[in-house]
Amino acid sequence: MPTRQQVVLRAELGAVREEAGGASLAIMGDWEIRPASVADVEAVAELRAVVLRPDLERLGRYDDQRVRQRLRDGFAPAHTWVIEVGGTFAGCVALRPAEDAHWLEHFYLAPHLQGGGIGGAVLRGLLEECDRDGIVVRLNVLHGSAARRLYERHGFTLHSEDPVDVFMVREPARRAPFRPAPS
């Protein structure tokens with residue numbers, strides 16, 4: 001599992017610098033990812049409400065207060081990273097360890113930034129860390145959410161579903177063994 005001191009995103013993101021206190025930041029262009037803190041909870045709760053609203057309304061499940069409170073109740077800064085664009089809060093992602101896998105949770109990016117490659121790069125970096133450590137990753141996504149296509153492109157497959165959620169799983173990628181070229 002990626003730790004707070006590990007580089008969360010590697011070569012895909014370009015330059016990496018170590019910050020004071022050992023926390024890692026990865027920078028590409030005008031965005032960066034950093035460890036979350038307790039102070040980030042309200043920004044994350046608000047973004048969750050904005051991002052999930054269309055899908056929750058379509059499913060008849062949107063509640064303005066509940067959507068924020070569920071995030072507050074489960075927010076774990078120790079397993080969460082914040083995405084900033086131009087120094088401003090733009091998204092977040094959590095990777096929570098569990099008994100048989102890690103759960104990818106609270107992966108939200110401001111709507112105006114979706115589709116520009118940031119989410120894919122963040123996801124790719126987290127999955128590379130999990131692959132390196134041989135960790136299975138699980139997640140759930142709302143039925144009909146466009147995010148499902150992103151997850152499928154990164155190797156997630158259907159595990160099960162209920163009337164609201166689609167549960168997906170991704171086995172760690174296996175690397176081909178090194179074979180020297182014939183001489």
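Q: Is Cys-92 buried or exposed?

A: Buried means under 20% relative accessible area, exposed over 50%, and partly exposed in between, with a 1.4 Å probe and protein chains only. Cys-92 has 0% relative accessibility and therefore counts as buried, and Cys-130, at 1%, counts as buried too. This is a predicted model, in which local features need pLDDT of at least 70 and side-chain atom pairs count only at pLDDT 80 or more, while totals for chains, interfaces and linings use all residues. Residues are numbered from 1 along each chain as its sequence is written, and side-chain values use heavy atoms, with hydrogens and water left out.

Q: How many disulfides does a search of the whole structure find?

A: A disulfide is a covalent bond between the sulfur atoms of two cysteines. With the criterion of a pair of cysteine sulfur atoms within 2.5 Å, the search of the whole structure returns 0 disulfides.

Q: What pattern does the protein chain follow along the sequence?

A: Helices (H or I, at least four residues) and strands (E, at least two) are DSSP runs, numbered from the N terminus. The protein chain has 4 helices and 9 strands, in the order β-β-β-α-α-β-β-β-α-β-α-β-β.

Q: In which sense do strand 8 and strand 9 pair?

A: Two strands pair if DSSP finds at least two bridges between them. Strand 8 (residues 157-161) and strand 9 (residues 165-170) are antiparallel, with 4 bridges; Ser-160 has Phe-167 in strand 9 as its bridge partner, and a hairpin of 3 residues joins strand 8 to strand 9.
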